[in-house]
Amino acid sequence: MAPTARVSTADTSGPDRGEVVFRRDEALFLGIKLHEKGCFDEAASVYRRILACAPDSPDSIDALHFLAVLCHQRDANDEALALVDRIVSLRPDLPDAHNNRGNVLKELGRPEEAEAAYRRAIALQPEHAAAHNNLGVVLQGLGRLEEAIEACRSAAALAPANPDFPYNLGNALRRHSRLPEAAEAYRKAVALLPGHAQARQGLARTLLQLGRHAEAAEMLEQWLEAEPGDPVAQHLFAAYGGRAAPARAPDAYVRQVFDEMAESFDAHLSGLGYRAPELVAEALAGVLRGASGLLRVLDAGCGTGLCGPSLRPHAECLTGVDLSARMLTKAARRGVYDELVEGELTAFLGQRPAAFDVIASADTLCYFGDLGPVFRCAAAALRPGGVFAFTLEYGGEELPAPGYRLHPHGRFSHSRRHVEQAVVAAGLTVGPISTAVLRTEGGQPVAGLVGVVKAQGGAPAPRNP
Ligand SMILES: C[S@@+](CC[C@H](N)C(=O)[O-])C[C@H]1O[C@@H](n2cnc3c(N)ncnc32)[C@H](O)[C@@H]1O
């Protein structure tokens with residue numbers, strides 16, 4: 001049997017049989033080493049023993065700190081918060097403790113309290129660059145972009161060698177439509193760390209939005225030369241028109257874009273008058289006629305779960321599927337889904353034959369070019385008479401064959417003709433496909449299509465009531 005580790009309360013005590021005894025400072029060192037190696041259970045056990053032996057010693061502050069970090073890494077944020085609260089009550093003068101408390105509160109979906117914690121850290125240590133940066137990120141999530149920009153600028157000025165700070169500044173400026181300044185900030189991040197994939201992506205997308213195509217092309221070519229297999233570079237290069245468009249946005253691209261956006265997604269879209277979830281709900285209300293509460297419903301590309309509340313009343317079981325783990329974390333916090341699956345939509349549908357009465361998909365099929373494969377898989381995943389309601393971006397009927405186009409912003413638009421052909425080819429029945437405004441972008445309305453199609457068979461039937 002492996003020896004157990006025990007932490008001595010005095011520095012001189014000898015080991016019991018089968019037991020290794022450490023001094024507290026050695027124990028902390030051991031805990032950190034285990035933690036670094038990813039042996040989380042063992043590290044947590046060492047930290048807890050230090051805390052049990054000497055709850056108020058200086059080492060216990062460190063043990064509390066590392067245990068809180070460990071809980072945070074394991075997504076056990078309630079426990080992490082209790083630990084950082086204890087640190088703050090023992091040492092209210094430690095700026096790092098308030099900064100960490102802010103990080104945990106942010107993860108717990110309590111951004112206003114996180115803001116207060118970061119501000120406390122900054123009040124104690126005005127040059128705390130990480131706290132300024134974290135404050136900027138949380139303010140972005142709250143949609144307070146002017147303040148976010150100011151906080152990110154302070155972080156970048158205080159720690160000019162850190163590439164993440166100008167990157168976050170670039171994000172805030174871009175969301176505020178201050179595109180030339182955003183490009184400059186992203187460039188700074190890329191100059192500090194040429195392999196910073198997110199900053200490169202931000203820069204490429206901003207240059208494309210600005211219409212600075214030559215610069216964007218040059219930057220994308222350099223990127224692809226350095227990393228020919230990078231899916232984000234490939235997709236953006238295709239979006240810019242530099243190579244043939246893929247059949248759908250690569251999974252790695254989607255994951256990266258939405259993991260990065262997850263925190264600020266809801267605030268960002270509400271500022272753009274985002275209506276896709278509402279349009280899908282209205283389209284479904286027309287065919288489901290009331291909430292039976294007995295249907296098996298899939299939210300396809302559920303994101304942060306904005307469709308969840310309107311789908312829940314129809315559902316005996318509500319499943320969400322999405323490629324982005326961070327979007328799913330936000331969706332889980334709504335507490336309306338029975339099941340959340342991290343995965344690619346087409347593959348997921350292929351694994352669930354005749355599983356759903358309703359599939360709802362708001363603002364997700366615009367990441368697909370050819371709609372044939374996803375409609376075929378949806379047809380197989382629907383029960384007889386099941387319905388599939390979705391939104392798409394409308395590209396008009398003038399779009400040349402095959403009836404869809406990849407745009408510099410990285411999404412596809414479709415013609416109604418392509419949608420209808422893909423629906424029929426999948427063996428689904430074409431229902432109403434209307435036009436609507438999905439949201440605004442750069443002050444301009446984004447034209448959309450809202451469709452409801454049906455699987456062959458009767459009306460969607462409740463499962464074994
Ligand atoms: C613009 S968001 C919309 C989210 C949500 N439906 C809403 O209306 O708020 C698009 C979502 O689709 C997901 N997505 C895009 N392509 C996907 C795919 N092939 N498989 C699974 N999820 C995908 C993204 O990760 C993202 O969360």
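**Exercise 1. Helix H8**

Which residues of H8 are buried?

Solution. This is a predicted model, in which local features need pLDDT of at least 70, side-chain atom pairs count only at pLDDT 80 or more, and totals for chains, interfaces and linings use all residues. Residues are numbered from 1 along each chain as its sequence is written, and side-chain values use heavy atoms, with hydrogens and water left out.

Step 1. Locate the helix. Helices (H or I, at least four residues) and strands (E, at least two) are DSSP runs, numbered from the N terminus. H8 covers residues 145-158. Its 14 residues reach 20 Å from the first C-alpha to the last, close to the 20 Å expected at 1.5 Å a residue. The expected span is 1.5 Å times one less than the number of residues.

Step 2. Apply the burial classes: buried means under 20% relative accessible area, exposed over 50%, and partly exposed in between (1.4 Å probe, protein chains only). The buried residues of H8 are Leu145, Ala148, Ile149, Ala151, Cys152, Ala155 and Ala156.

Step 3. Look down the axis. The buried residues of H8 fall within an arc of 165°, so they line one face of the helix. The arc is taken from the directions from the helix axis to the C-beta atoms. An α-helix has 3.6 residues a turn, so residues three or four places apart point the same way.

Step 4. Turn to the face away from the buried side of H8: it carries the exposed residues Glu146, Glu150 and Ala157.

**Exercise 2. Helix H10**

State which residues of H10 are buried and which exposed residues are carried by the face turned away from them.

Solution. 

Step 1. H10 spans residues 179-192 and has 14 residues.

Step 2. Leu179, Ala182, Ala183, Ala185, Tyr186, Ala189 and Val190 are buried in H10. They sit on the same side of H10 because they cover an arc of only 165° around its axis.

Step 3. Glu184, Lys188 and Ala191 are the exposed residues on the face of H10 turned away from its buried side.

**Exercise 3. The ligand site**

Describe the shell around the ligand and give its polar distances.

Solution. 

Step 1. The shell divides into 13 nonpolar, five polar and three charged residues. Here Ala, Val, Leu, Ile, Met, Phe, Trp, Tyr, Cys and Pro count as nonpolar, Asp, Glu, Lys and Arg as charged, and the others, Gly among them, as polar.

Step 2. A polar contact is a pair of N or O atoms within 3.5 Å; within protein, one must be able to donate a hydrogen and the other to accept it, and residues adjacent in sequence count only if both atoms are side-chain atoms. An N or O atom in the side chain of Tyr274 is 2.5 Å from an oxygen atom of the ligand. A polar backbone atom of Gly301 is 2.7 Å from a ligand nitrogen atom, and a polar side-chain atom of Glu344 lies 2.6 Å from a ligand nitrogen atom.

Step 3. The protein covers 99% of the 600 Å² of accessible area that the ligand has on its own. Accessible areas come from the Shrake-Rupley method with a 1.4 Å probe; for residues, only the protein chains shown count as cover.

**Exercise 4. Side-chain pairs**

Find the polar side-chain partners of Arg175, Asp85 and Ser413.

Solution. 

Step 1. Arg175 is in helix H9 (residues 164-175) and is buried, at 19% relative accessible area. Its side chain contacts that of Gln140 at 2.7 Å.

Step 2. Asp85 belongs to helix H4 (residues 77-90) and is partly exposed, at 30%. Its side-chain partner is Arg101, at 2.6 Å.

Step 3. Ser413, in strand S9 (residues 412-414), is buried at 4%. Its side chain makes a polar contact with the side chain of His407 (2.8 Å).

**Exercise 5. Backbone exceptions**

Solution. 

Step 1. Recall the background: most residues other than glycine have a negative phi, and most peptide bonds are trans.

Step 2. Ala354 has a positive phi of about 45°. It lies in the loop between helix H19 (345-350) and strand S6 (356-361) and is partly exposed, at 43%.

Step 3. Asp363 has a positive phi near 60°. Its loop lies between S6 and helix H20 (372-381), and Asp363 is buried, at 14%.

Step 4. The peptide bond from Ala401 to Pro402 is cis, with omega near 15°. Pro402 is in the loop between strand S7 (382-393) and strand S8 (404-406).
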